[in-house]
Amino acid sequence: TVRSLLRLRAAETEARESAEQWQSAFDARSEGLALVNQKGEVVRFNEAFARLCNNPVQCVAGAVNYFIK
């Protein structure tokens, strides 16, 4: 129904805005932050983390066991 579609659209908008807020807060931190999956691959990080590791952003993405080196 139209109401269902409107509720779905509102929920999608809210989820997108929430994700954008989270990403902004993550990127704004001056501390280096990284999220690592169960395989040990860096899946998300902020620019401060790349600077902390003295690597360009492209070199950090997907790195495995980055913290153990």
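**Aromatic pairs and a buried asparagine**

Mentor: The chain exposes about 5,600 Å², and carbon and sulfur atoms supply 54% of it; accessible areas come from the Shrake-Rupley method with a 1.4 Å probe, and for residues only the protein chains shown count as cover. This is a predicted model, in which local features need pLDDT of at least 70 and side-chain atom pairs count only at pLDDT 80 or more, while totals for chains, interfaces and linings use all residues. Residues are numbered from 1 along each chain as its sequence is written, and side-chain values use heavy atoms, with hydrogens and water left out.

Trainee: What pattern does the chain follow along the sequence?

Mentor: The pattern is α-β-β-α-α, with three helices and two strands. Helices (H or I, at least four residues) and strands (E, at least two) are DSSP runs, numbered from the N terminus.

Trainee: How many aromatic pairs are there in the whole structure?

Mentor: The search finds two. Trp 22 and Phe 26 have ring centres 4.9 Å apart and planes at 15°, so this pair is stacked. Rings of Phe, Tyr and Trp (its six-membered ring) pair if their centres lie within 6.5 Å; planes under 30 degrees apart count as stacked, over 60 as edge-to-face and the rest as tilted.

Trainee: Where do Trp 22 and Phe 26 lie?

Mentor: Both are in helix H1 (residues 2-28), four residues apart, about one turn of the helix. Trp 22 counts as partly exposed because its relative accessibility is 40%, whereas Phe 26, at 7%, counts as buried. Buried means under 20% relative accessible area, exposed over 50%, and partly exposed in between (1.4 Å probe, protein chains only).

Trainee: And Phe 45 with Phe 49: what are the distance and the angle?

Mentor: Their ring centres are 6.3 Å apart and the planes are at 50°, so the pair is tilted. Phe 45 and Phe 49 are buried.

Trainee: Changing topic, where is Asn 46?

Mentor: Asn 46 is in the loop between strand E2 (42-45) and helix H2 (47-52). Asn 46 counts as buried because its relative accessibility is 0%.

Trainee: Which backbone atom does its side chain reach?

Mentor: The side chain of Asn 46 reaches the backbone nitrogen of Phe 49, at 2.9 Å.

Trainee: Which residues does Asn 46 touch, leaving out those up to four places away in sequence?

Mentor: Asn 46 touches Phe 26, Asp 27, Arg 29, Glu 31, Gly 32 and Leu 33, where contact means heavy atoms within 4.5 Å.

Note on methods
A polar contact is a pair of N or O atoms within 3.5 Å; within protein, one must be able to donate a hydrogen and the other to accept it, and residues adjacent in sequence count only if both atoms are side-chain atoms.
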